[in-house]
Amino acid sequence: MSGGGFRSRSKGGDKGGDKNSANKSAVRNPKKSPAPKKSAGRNVPGLDAPRLLAHEVLGRVRADEAYANLILPKALKQWNITERDAAFTTEITYGTLRAQGVLDAVIAQCSSRPLEQIAPEVLDGLRLGTYQLLYTRVEPHAAVDTTVRLVEASGNGQAKGFANAIMRTVSRASAEKWIDKLTPPGEIAAAAFRNAHPTWIAESFSRVLGLGELDEALAADSQRPSVHLVARPGEISAEELALITGGEPGDYSPYAVRLESGDPGDAEPVRQGLAAVQDEGSQLIARAVVEAPVEGPDQGRWLDLCAGPGGKAALMGALARIDGAHVDAVEVSPHRATLVKKTVGDLPVTVHVADGRDPGLEPGFDRVLVDAPCTGLGALRRRPEARWRKSESDIAQLSPLQFELLASALTLVRPGGVVVYSTCSPDLRETRSVVDRAVKELGAVEVDAHELVAPMDNVGDQASVQMWPHRHGTDAMFFAVLRRAD
(Lines give C-alpha, C1' and ligand atoms only; values in the text may rest on other atoms or scores of the structure.)
Protein backbone atom coordinates (compact mmCIF):
# COMPACT_ATOMS: atom_id res chain seq x y z
CA MET A 1 0.00 0.00 0.00
CA SER A 2 1.77 3.11 -1.20
CA GLY A 3 0.72 6.65 -1.89
CA GLY A 4 1.21 10.20 -0.76
CA GLY A 5 -0.51 13.19 0.75
CA PHE A 6 -3.56 12.41 2.81
CA ARG A 7 -4.82 9.59 0.67
CA SER A 8 -4.89 6.02 1.84
CA ARG A 9 -2.10 3.81 0.66
CA SER A 10 -4.47 1.71 -1.40
CA LYS A 11 -3.51 0.03 -4.66
CA GLY A 12 -6.57 1.27 -6.48
CA GLY A 13 -6.59 4.62 -4.74
CA ASP A 14 -9.86 6.17 -3.70
CA LYS A 15 -10.42 9.34 -5.60
CA GLY A 16 -10.19 12.53 -3.59
CA GLY A 17 -9.22 16.17 -3.80
CA ASP A 18 -5.84 17.83 -3.87
CA LYS A 19 -3.70 15.65 -1.67
CA ASN A 20 -1.53 18.59 -0.67
CA SER A 21 -4.36 20.84 0.51
CA ALA A 22 -7.40 18.68 1.31
CA ASN A 23 -7.99 17.31 4.80
CA LYS A 24 -5.56 19.73 6.44
CA SER A 25 -7.64 19.63 9.60
CA ALA A 26 -6.69 15.97 9.96
CA VAL A 27 -3.07 16.91 10.51
CA ARG A 28 -1.81 17.92 13.91
CA ASN A 29 0.64 20.79 14.17
CA PRO A 30 3.58 19.11 15.87
CA LYS A 31 4.48 22.39 17.58
CA LYS A 32 1.05 22.95 19.06
CA SER A 33 -1.38 20.18 19.94
CA PRO A 34 -4.95 21.37 19.45
CA ALA A 35 -7.29 21.52 22.42
CA PRO A 36 -9.91 18.76 22.53
CA LYS A 37 -13.03 19.75 20.63
CA LYS A 38 -16.40 19.73 22.33
CA SER A 39 -18.66 16.74 21.96
CA ALA A 40 -20.62 16.63 18.73
CA GLY A 41 -23.77 16.11 20.79
CA ARG A 42 -26.32 13.32 20.82
CA ASN A 43 -28.23 14.23 17.66
CA VAL A 44 -26.13 14.09 14.51
CA PRO A 45 -27.77 13.06 11.22
CA GLY A 46 -26.67 9.59 10.17
CA LEU A 47 -25.02 8.80 13.50
CA ASP A 48 -26.37 6.65 16.31
CA ALA A 49 -25.96 7.44 20.01
CA PRO A 50 -23.71 4.41 20.78
CA ARG A 51 -21.02 5.50 18.33
CA LEU A 52 -21.29 9.15 19.33
CA LEU A 53 -20.90 8.28 22.99
CA ALA A 54 -18.06 5.85 22.31
CA HIS A 55 -16.21 8.57 20.40
CA GLU A 56 -16.79 11.04 23.22
CA VAL A 57 -15.47 8.61 25.84
CA LEU A 58 -12.37 7.88 23.75
CA GLY A 59 -11.71 11.61 23.63
CA ARG A 60 -12.07 12.01 27.39
CA VAL A 61 -9.80 9.04 28.07
CA ARG A 62 -7.18 10.51 25.73
CA ALA A 63 -7.40 14.18 26.63
CA ASP A 64 -8.32 14.03 30.33
CA GLU A 65 -6.68 10.70 31.23
CA ALA A 66 -10.08 9.57 32.46
CA TYR A 67 -10.83 5.92 33.20
CA ALA A 68 -13.35 4.47 30.79
CA ASN A 69 -14.76 2.00 33.31
CA LEU A 70 -15.66 4.93 35.57
CA ILE A 71 -17.11 7.36 33.05
CA LEU A 72 -18.87 5.08 30.56
CA PRO A 73 -21.45 3.52 32.92
CA LYS A 74 -22.49 6.99 34.11
CA ALA A 75 -22.63 8.32 30.56
CA LEU A 76 -24.83 5.43 29.43
CA LYS A 77 -27.39 6.42 32.05
CA GLN A 78 -27.13 10.11 31.19
CA TRP A 79 -27.67 9.37 27.51
CA ASN A 80 -30.43 6.88 28.35
CA ILE A 81 -28.72 4.13 26.35
CA THR A 82 -29.95 0.73 27.49
CA GLU A 83 -29.92 -2.98 26.72
CA ARG A 84 -28.49 -3.94 23.31
CA ASP A 85 -27.33 -0.42 22.50
CA ALA A 86 -25.57 -0.20 25.86
CA ALA A 87 -23.86 -3.54 25.21
CA PHE A 88 -22.74 -2.36 21.77
CA THR A 89 -21.45 0.94 23.16
CA THR A 90 -19.51 -0.87 25.85
CA GLU A 91 -18.05 -3.36 23.38
CA ILE A 92 -16.75 -0.83 20.88
CA THR A 93 -15.49 1.58 23.55
CA TYR A 94 -13.63 -0.90 25.72
CA GLY A 95 -12.56 -2.96 22.73
CA THR A 96 -11.05 0.04 20.95
CA LEU A 97 -9.13 1.03 24.05
CA ARG A 98 -7.81 -2.49 24.65
CA ALA A 99 -6.79 -3.09 21.05
CA GLN A 100 -5.22 0.33 20.51
CA GLY A 101 -1.76 -1.01 19.71
CA VAL A 102 -3.04 -3.28 16.95
CA LEU A 103 -5.43 -0.65 15.61
CA ASP A 104 -2.67 1.95 15.45
CA ALA A 105 -0.40 -0.44 13.57
CA VAL A 106 -3.11 -1.09 10.98
CA ILE A 107 -4.01 2.58 10.61
CA ALA A 108 -0.35 3.54 10.29
CA GLN A 109 0.06 0.98 7.52
CA CYS A 110 -2.84 2.55 5.62
CA SER A 111 -2.01 6.20 6.24
CA SER A 112 0.33 8.46 4.30
CA ARG A 113 0.86 10.49 7.47
CA PRO A 114 2.43 9.43 10.79
CA LEU A 115 -0.16 8.91 13.50
CA GLU A 116 1.20 11.79 15.55
CA GLN A 117 0.33 14.15 12.70
CA ILE A 118 -3.32 13.09 12.61
CA ALA A 119 -5.74 15.27 14.56
CA PRO A 120 -6.59 13.40 17.77
CA GLU A 121 -10.36 13.47 17.18
CA VAL A 122 -9.82 12.00 13.73
CA LEU A 123 -7.55 9.29 15.12
CA ASP A 124 -10.15 8.43 17.77
CA GLY A 125 -12.70 7.96 15.00
CA LEU A 126 -10.34 5.86 12.89
CA ARG A 127 -9.55 3.62 15.84
CA LEU A 128 -13.24 3.17 16.59
CA GLY A 129 -14.02 2.32 12.98
CA THR A 130 -11.05 0.02 12.56
CA TYR A 131 -12.04 -1.89 15.68
CA GLN A 132 -15.51 -2.47 14.23
CA LEU A 133 -14.04 -3.73 10.97
CA LEU A 134 -11.54 -6.10 12.55
CA TYR A 135 -13.22 -7.31 15.73
CA THR A 136 -17.01 -7.09 15.32
CA ARG A 137 -19.74 -8.21 12.94
CA VAL A 138 -20.60 -4.66 11.94
CA GLU A 139 -21.05 -4.46 8.17
CA PRO A 140 -18.03 -2.82 6.53
CA HIS A 141 -20.08 -0.13 4.80
CA ALA A 142 -21.63 0.84 8.16
CA ALA A 143 -18.25 1.04 9.89
CA VAL A 144 -16.78 3.14 7.05
CA ASP A 145 -19.77 5.47 6.73
CA THR A 146 -20.18 6.13 10.45
CA THR A 147 -16.46 6.75 10.87
CA VAL A 148 -16.50 9.39 8.16
CA ARG A 149 -19.54 11.00 9.77
CA LEU A 150 -17.85 10.97 13.20
CA VAL A 151 -14.83 12.71 11.73
CA GLU A 152 -17.05 15.36 10.20
CA ALA A 153 -19.10 15.79 13.39
CA SER A 154 -15.93 16.27 15.43
CA GLY A 155 -15.17 19.48 13.52
CA ASN A 156 -12.78 17.94 11.01
CA GLY A 157 -15.00 18.03 7.93
CA GLN A 158 -12.10 18.51 5.56
CA ALA A 159 -10.69 15.17 6.74
CA LYS A 160 -13.64 13.13 5.45
CA GLY A 161 -11.83 11.93 2.33
CA PHE A 162 -8.75 11.07 4.35
CA ALA A 163 -10.80 8.98 6.81
CA ASN A 164 -12.80 7.34 4.04
CA ALA A 165 -9.68 6.25 2.18
CA ILE A 166 -8.07 4.73 5.28
CA MET A 167 -11.22 2.91 6.31
CA ARG A 168 -11.76 1.48 2.86
CA THR A 169 -8.20 0.20 2.80
CA VAL A 170 -8.60 -1.40 6.22
CA SER A 171 -11.81 -3.09 5.09
CA ARG A 172 -10.09 -4.88 2.21
CA ALA A 173 -8.43 -7.44 4.47
CA SER A 174 -9.58 -9.53 7.43
CA ALA A 175 -8.29 -9.13 10.96
CA GLU A 176 -6.31 -12.35 10.57
CA LYS A 177 -4.56 -11.08 7.45
CA TRP A 178 -3.73 -7.74 9.03
CA ILE A 179 -2.31 -9.39 12.13
CA ASP A 180 -0.29 -11.88 10.07
CA LYS A 181 1.08 -9.02 7.99
CA LEU A 182 2.03 -6.78 10.93
CA THR A 183 3.07 -9.26 13.63
CA PRO A 184 6.66 -8.49 14.69
CA PRO A 185 9.36 -11.16 14.89
CA GLY A 186 10.13 -12.90 18.17
CA GLU A 187 7.84 -15.23 20.12
CA ILE A 188 7.06 -12.85 22.98
CA ALA A 189 6.64 -9.77 20.79
CA ALA A 190 4.36 -11.75 18.49
CA ALA A 191 2.21 -12.94 21.40
CA ALA A 192 2.02 -9.39 22.69
CA PHE A 193 0.86 -8.03 19.33
CA ARG A 194 -1.68 -10.81 18.75
CA ASN A 195 -3.23 -10.07 22.12
CA ALA A 196 -2.91 -6.28 21.96
CA HIS A 197 -0.36 -5.77 24.75
CA PRO A 198 2.87 -3.78 24.89
CA THR A 199 5.81 -6.16 24.52
CA TRP A 200 7.26 -5.23 27.91
CA ILE A 201 4.12 -6.46 29.68
CA ALA A 202 4.24 -9.76 27.79
CA GLU A 203 7.88 -10.10 28.79
CA SER A 204 6.93 -9.43 32.41
CA PHE A 205 4.26 -12.14 32.38
CA SER A 206 6.55 -14.62 30.62
CA ARG A 207 9.13 -14.36 33.41
CA VAL A 208 6.55 -15.83 35.78
CA LEU A 209 4.56 -18.13 33.48
CA GLY A 210 7.04 -19.11 30.82
CA LEU A 211 5.94 -19.17 27.19
CA GLY A 212 3.47 -22.05 27.42
CA GLU A 213 0.65 -20.04 29.03
CA LEU A 214 1.58 -16.61 27.74
CA ASP A 215 -1.01 -16.37 24.98
CA GLU A 216 -3.75 -17.58 27.32
CA ALA A 217 -2.76 -15.13 30.05
CA LEU A 218 -2.65 -12.17 27.67
CA ALA A 219 -5.94 -13.15 26.06
CA ALA A 220 -7.59 -13.24 29.50
CA ASP A 221 -6.77 -9.55 29.91
CA SER A 222 -9.04 -8.77 26.97
CA GLN A 223 -12.00 -10.81 28.18
CA ARG A 224 -14.83 -9.16 30.03
CA PRO A 225 -14.41 -10.02 33.72
CA SER A 226 -17.38 -11.10 35.76
CA VAL A 227 -18.37 -8.88 38.67
CA HIS A 228 -17.34 -10.21 42.07
CA LEU A 229 -19.32 -9.30 45.16
CA VAL A 230 -18.23 -9.74 48.76
CA ALA A 231 -20.83 -10.67 51.37
CA ARG A 232 -19.99 -8.77 54.53
CA PRO A 233 -19.35 -11.36 57.28
CA GLY A 234 -21.82 -11.10 60.12
CA GLU A 235 -24.37 -9.36 57.89
CA ILE A 236 -25.17 -11.74 55.04
CA SER A 237 -23.83 -15.06 53.76
CA ALA A 238 -22.52 -15.68 50.27
CA GLU A 239 -25.35 -18.18 49.74
CA GLU A 240 -27.97 -15.57 50.67
CA LEU A 241 -26.27 -12.95 48.50
CA ALA A 242 -26.16 -15.33 45.54
CA LEU A 243 -29.86 -16.13 45.96
CA ILE A 244 -30.84 -12.45 46.05
CA THR A 245 -28.64 -11.34 43.15
CA GLY A 246 -28.94 -14.42 40.95
CA GLY A 247 -25.18 -14.91 41.05
CA GLU A 248 -23.06 -17.95 41.87
CA PRO A 249 -20.94 -18.43 45.01
CA GLY A 250 -17.24 -17.95 44.35
CA ASP A 251 -14.87 -20.87 43.94
CA TYR A 252 -12.43 -19.92 46.68
CA SER A 253 -13.51 -17.12 49.01
CA PRO A 254 -16.33 -18.04 51.43
CA TYR A 255 -17.67 -14.50 51.00
CA ALA A 256 -17.60 -14.28 47.18
CA VAL A 257 -20.45 -14.19 44.68
CA ARG A 258 -19.85 -13.88 40.94
CA LEU A 259 -22.25 -12.06 38.63
CA GLU A 260 -22.08 -12.56 34.88
CA SER A 261 -24.19 -9.52 34.04
CA GLY A 262 -26.17 -6.65 35.49
CA ASP A 263 -25.30 -3.54 37.46
CA PRO A 264 -24.11 -4.56 40.94
CA GLY A 265 -25.14 -1.16 42.25
CA ASP A 266 -28.76 -2.13 41.65
CA ALA A 267 -28.54 -5.10 44.02
CA GLU A 268 -30.42 -4.44 47.26
CA PRO A 269 -27.68 -5.92 49.54
CA VAL A 270 -25.14 -3.59 47.92
CA ARG A 271 -27.39 -0.56 48.37
CA GLN A 272 -27.88 -1.51 52.02
CA GLY A 273 -24.16 -1.94 52.67
CA LEU A 274 -24.45 -5.67 53.32
CA ALA A 275 -22.26 -6.44 50.31
CA ALA A 276 -19.85 -4.65 48.00
CA VAL A 277 -17.96 -5.11 44.77
CA GLN A 278 -14.58 -6.74 45.42
CA ASP A 279 -12.49 -9.13 43.34
CA GLU A 280 -12.38 -12.61 44.83
CA GLY A 281 -8.59 -12.42 44.90
CA SER A 282 -8.74 -9.30 47.07
CA GLN A 283 -11.09 -11.09 49.42
CA LEU A 284 -8.64 -13.97 49.77
CA ILE A 285 -5.82 -11.59 50.65
CA ALA A 286 -7.82 -9.78 53.35
CA ARG A 287 -8.95 -13.13 54.73
CA ALA A 288 -5.35 -14.41 54.71
CA VAL A 289 -4.32 -11.55 57.00
CA VAL A 290 -6.91 -12.70 59.52
CA GLU A 291 -6.42 -16.46 59.07
CA ALA A 292 -2.61 -16.68 58.98
CA PRO A 293 -1.38 -18.40 62.15
CA VAL A 294 0.42 -16.19 64.66
CA GLU A 295 2.71 -17.27 67.46
CA GLY A 296 1.23 -16.53 70.86
CA PRO A 297 -2.22 -15.10 71.58
CA ASP A 298 -3.82 -12.67 69.14
CA GLN A 299 -4.52 -9.48 71.11
CA GLY A 300 -6.75 -8.14 68.36
CA ARG A 301 -4.50 -5.33 67.07
CA TRP A 302 -4.67 -5.45 63.29
CA LEU A 303 -3.30 -2.96 60.78
CA ASP A 304 -3.92 -2.14 57.11
CA LEU A 305 -0.89 -0.02 56.20
CA CYS A 306 -2.02 1.09 52.70
CA ALA A 307 -5.78 1.08 53.09
CA GLY A 308 -7.21 3.18 50.26
CA PRO A 309 -9.82 2.88 48.86
CA GLY A 310 -10.89 0.59 51.69
CA GLY A 311 -12.15 -2.75 50.35
CA LYS A 312 -9.69 -4.92 52.24
CA ALA A 313 -9.95 -2.75 55.35
CA ALA A 314 -13.73 -3.23 55.32
CA LEU A 315 -13.49 -7.01 55.06
CA MET A 316 -10.85 -7.10 57.79
CA GLY A 317 -13.07 -4.82 59.87
CA ALA A 318 -16.10 -7.10 59.46
CA LEU A 319 -14.03 -10.08 60.58
CA ALA A 320 -12.54 -8.01 63.41
CA ARG A 321 -16.03 -7.24 64.69
CA ILE A 322 -16.78 -10.96 64.88
CA ASP A 323 -13.46 -11.69 66.63
CA GLY A 324 -13.55 -8.70 68.98
CA ALA A 325 -10.50 -7.16 67.29
CA HIS A 326 -9.77 -3.66 65.98
CA VAL A 327 -8.23 -2.47 62.71
CA ASP A 328 -6.08 0.62 62.23
CA ALA A 329 -6.17 1.72 58.61
CA VAL A 330 -3.45 4.03 57.27
CA GLU A 331 -3.84 6.03 54.06
CA VAL A 332 -1.48 8.78 52.92
CA SER A 333 -4.00 10.53 50.65
CA PRO A 334 -6.69 12.56 52.47
CA HIS A 335 -9.13 11.96 49.61
CA ARG A 336 -8.60 8.20 49.66
CA ALA A 337 -8.75 8.22 53.46
CA THR A 338 -12.21 9.73 53.16
CA LEU A 339 -13.15 6.86 50.83
CA VAL A 340 -11.85 4.39 53.41
CA LYS A 341 -13.99 5.97 56.14
CA LYS A 342 -17.04 5.80 53.92
CA THR A 343 -16.34 2.17 53.01
CA VAL A 344 -15.76 0.88 56.55
CA GLY A 345 -18.75 2.73 58.01
CA ASP A 346 -19.41 1.71 61.61
CA LEU A 347 -16.98 -1.22 61.61
CA PRO A 348 -14.24 -1.30 64.29
CA VAL A 349 -11.76 0.51 62.03
CA THR A 350 -9.85 3.70 62.83
CA VAL A 351 -8.58 5.57 59.77
CA HIS A 352 -5.30 7.51 59.99
CA VAL A 353 -4.08 9.97 57.36
CA ALA A 354 -0.37 9.18 57.43
CA ASP A 355 2.54 7.82 55.42
CA GLY A 356 2.76 4.08 55.87
CA ARG A 357 6.55 4.28 55.93
CA ASP A 358 6.33 6.18 59.23
CA PRO A 359 2.70 6.26 60.38
CA GLY A 360 3.43 7.22 63.99
CA LEU A 361 1.59 4.21 65.42
CA GLU A 362 2.65 2.20 68.45
CA PRO A 363 4.32 -1.07 67.37
CA GLY A 364 3.01 -4.41 68.54
CA PHE A 365 0.36 -5.29 65.94
CA ASP A 366 -0.60 -8.95 65.64
CA ARG A 367 -1.45 -8.74 61.97
CA VAL A 368 -0.35 -6.25 59.31
CA LEU A 369 -1.41 -5.96 55.69
CA VAL A 370 0.82 -4.15 53.19
CA ASP A 371 -1.28 -3.88 50.04
CA ALA A 372 1.45 -1.91 48.35
CA PRO A 373 1.01 0.67 45.58
CA CYS A 374 1.92 -1.07 42.33
CA THR A 375 1.58 -0.89 38.56
CA GLY A 376 -1.73 -2.76 38.61
CA LEU A 377 -0.62 -5.09 35.81
CA GLY A 378 -2.77 -7.77 37.38
CA ALA A 379 -6.01 -5.86 36.77
CA LEU A 380 -5.58 -4.78 33.14
CA ARG A 381 -8.84 -6.47 32.16
CA ARG A 382 -10.79 -4.03 34.37
CA ARG A 383 -9.24 -0.87 32.89
CA PRO A 384 -9.08 -1.25 29.14
CA GLU A 385 -6.83 1.76 28.51
CA ALA A 386 -4.35 0.92 31.29
CA ARG A 387 -1.98 -1.29 29.29
CA TRP A 388 -1.12 1.60 26.95
CA ARG A 389 -0.72 4.17 29.74
CA LYS A 390 1.70 2.24 31.88
CA SER A 391 5.44 2.23 31.41
CA GLU A 392 8.13 -0.16 32.54
CA SER A 393 9.84 2.79 34.22
CA ASP A 394 6.91 2.86 36.67
CA ILE A 395 8.26 -0.30 38.28
CA ALA A 396 11.64 1.25 39.04
CA GLN A 397 9.87 4.12 40.78
CA LEU A 398 7.58 1.87 42.81
CA SER A 399 9.95 -0.88 43.96
CA PRO A 400 11.80 1.24 46.55
CA LEU A 401 8.48 2.43 48.01
CA GLN A 402 7.18 -1.13 48.18
CA PHE A 403 10.26 -2.26 50.09
CA GLU A 404 10.11 0.69 52.48
CA LEU A 405 6.46 -0.05 53.27
CA LEU A 406 7.25 -3.71 53.93
CA ALA A 407 10.17 -2.71 56.14
CA SER A 408 7.86 -0.40 58.10
CA ALA A 409 5.34 -3.21 58.56
CA LEU A 410 8.03 -5.49 59.94
CA THR A 411 8.87 -2.91 62.61
CA LEU A 412 5.20 -2.45 63.51
CA VAL A 413 4.29 -6.13 63.85
CA ARG A 414 5.04 -7.87 67.14
CA PRO A 415 7.41 -10.84 67.34
CA GLY A 416 5.40 -13.85 66.28
CA GLY A 417 2.87 -11.74 64.41
CA VAL A 418 2.38 -11.85 60.64
CA VAL A 419 2.80 -9.40 57.78
CA VAL A 420 0.99 -10.04 54.51
CA TYR A 421 2.61 -8.27 51.56
CA SER A 422 0.40 -8.05 48.48
CA THR A 423 0.25 -6.41 45.06
CA CYS A 424 -2.16 -6.44 42.14
CA SER A 425 0.74 -7.18 39.84
CA PRO A 426 2.51 -10.39 38.83
CA ASP A 427 5.75 -8.62 37.88
CA LEU A 428 8.65 -10.24 39.76
CA ARG A 429 10.19 -6.85 40.51
CA GLU A 430 7.08 -5.95 42.50
CA THR A 431 6.53 -9.37 44.07
CA ARG A 432 9.26 -11.90 44.73
CA SER A 433 12.11 -9.40 44.47
CA VAL A 434 10.64 -7.26 47.26
CA VAL A 435 9.91 -10.26 49.46
CA ASP A 436 13.32 -11.87 48.84
CA ARG A 437 15.03 -8.61 49.68
CA ALA A 438 13.13 -8.39 52.98
CA VAL A 439 14.18 -11.92 53.85
CA LYS A 440 17.81 -11.23 52.96
CA GLU A 441 18.27 -7.73 54.33
CA LEU A 442 15.74 -7.53 57.16
CA GLY A 443 15.82 -11.09 58.40
CA ALA A 444 12.14 -11.67 57.74
CA VAL A 445 10.94 -15.28 57.72
CA GLU A 446 8.57 -16.31 54.95
CA VAL A 447 5.67 -18.64 55.77
CA ASP A 448 3.96 -20.95 53.28
CA ALA A 449 0.78 -19.19 52.19
CA HIS A 450 -0.75 -21.87 49.98
CA GLU A 451 -3.07 -23.30 52.62
CA LEU A 452 -4.61 -19.87 53.12
CA VAL A 453 -6.22 -19.98 49.67
CA ALA A 454 -7.25 -23.65 49.57
CA PRO A 455 -8.84 -25.15 47.51
CA MET A 456 -7.15 -22.81 45.01
CA ASP A 457 -4.14 -24.52 43.48
CA ASN A 458 -1.56 -23.87 40.77
CA VAL A 459 -0.49 -20.67 42.53
CA GLY A 460 3.26 -20.96 41.94
CA ASP A 461 6.24 -22.93 43.18
CA GLN A 462 7.28 -20.48 45.88
CA ALA A 463 5.80 -20.13 49.37
CA SER A 464 3.88 -17.09 48.12
CA VAL A 465 0.63 -17.11 46.12
CA GLN A 466 0.31 -15.81 42.56
CA MET A 467 -3.22 -15.78 41.13
CA TRP A 468 -4.10 -15.39 37.44
CA PRO A 469 -7.27 -14.53 35.52
CA HIS A 470 -6.84 -17.45 33.12
CA ARG A 471 -6.21 -19.95 35.92
CA HIS A 472 -8.46 -18.75 38.73
CA GLY A 473 -10.84 -16.13 37.34
CA THR A 474 -9.41 -13.51 39.71
CA ASP A 475 -7.16 -10.57 39.03
CA ALA A 476 -3.46 -11.48 38.88
CA MET A 477 -2.85 -10.82 42.56
CA PHE A 478 0.19 -11.78 44.59
CA PHE A 479 0.73 -12.16 48.31
CA ALA A 480 3.33 -13.50 50.69
CA VAL A 481 3.21 -14.07 54.46
CA LEU A 482 6.19 -12.97 56.57
CA ARG A 483 7.21 -12.98 60.22
CA ARG A 484 9.80 -10.95 62.06
CA ALA A 485 12.97 -12.82 62.80
CA ASP A 486 12.77 -11.96 66.49
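Student: How much space lies in the second largest pocket?

Tutor: About 330 Å³. Keep in mind that this is a predicted model.

Student: Which residues are closest to the centre of that pocket?

Tutor: The pocket is lined by 19 residues, and the closest to its centre are Val 208, Gly 460, Asp 461, Gln 462 and Gln 466. Helix α10 (199–209) and strand β11 (465–466) each give two or more residues to the lining. The largest share, 3 residues, comes from α10.

Student: How do the lining residues of the second largest pocket divide?

Tutor: They divide into 8 nonpolar, 6 polar and 5 charged. Domain 2 (188–222) and domain 4 (279–382 + 390–484) each supply at least three residues of the lining.

Student: What makes Arg 271 and Glu 268 a salt bridge?

Tutor: Their closest N and O atoms are 2.1 Å apart. The cut-off is within 4 Å, so the pair counts as a salt bridge. Both residues lie in helix α13 (residues 268–271), 3 residues apart, about one turn of the helix.

Student: Why is Arg 271 called exposed?

Tutor: Its relative accessibility is 53%. Exposed means over 50%, so Arg 271 qualifies. Glu 268 has 34%, so it counts as partly exposed.

Student: What makes Arg 381 and Asp 279 a salt bridge?

Tutor: The closest N and O atoms of this pair are 3.6 Å apart. That is within 4 Å, so the pair passes.

Student: Which parts does the pair of Arg 381 and Asp 279 tie together?

Tutor: Arg 381 lies in the loop between β8 (365–371) and α17 (386–389), and Asp 279 in the loop between β4 (275–277) and α14 (280–291). The pair therefore ties together parts that are 102 residues apart in sequence.

Student: How do you know whether Arg 381 is buried or exposed?

Tutor: Set the value against the cut-off. Arg 381 has a relative accessible area of 7%. Buried means under 20%, so Arg 381 is buried. Asp 279, at 8%, is buried by that rule too.

Student: What about Arg 357 and Glu 404?

Tutor: Their closest N and O atoms are 3.1 Å apart, so they form a salt bridge under the 4 Å rule. Arg 357 lies in the loop between β7 (349–353) and β8, and Glu 404 in helix α18 (residues 393–412), so the pair ties together parts 47 residues apart in sequence.

Student: Why is Arg 357 called partly exposed?

Tutor: Its relative accessible area is 39%.

Technical notes:
Residues numbered from 1 in each chain as written. Predicted model: local features only at pLDDT ≥ 70, side-chain atom pairs only at ≥ 80, totals over all residues. Heavy atoms only, no water. 1 Å grid on protein atoms, 1.4 Å probe; cavity = no way out; pocket = protein on both sides within 12 Å on 5 of 7 lines; lining within 4 Å. Points joined across faces, edges and corners; volume = space filled by probe spheres on them. Helix = DSSP H or I, 4+ residues; strand = E, 2+ residues; numbered from the N terminus. Nonpolar A, V, L, I, M, F, W, Y, C, P; charged D, E, K, R; others polar. Domains from an automatic or database assignment. Salt bridge = Lys/Arg side-chain N within 4 Å of Asp/Glu carboxyl O. Buried < 20%, exposed > 50% of the residue type's maximum accessible area, 1.4 Å probe, protein only.
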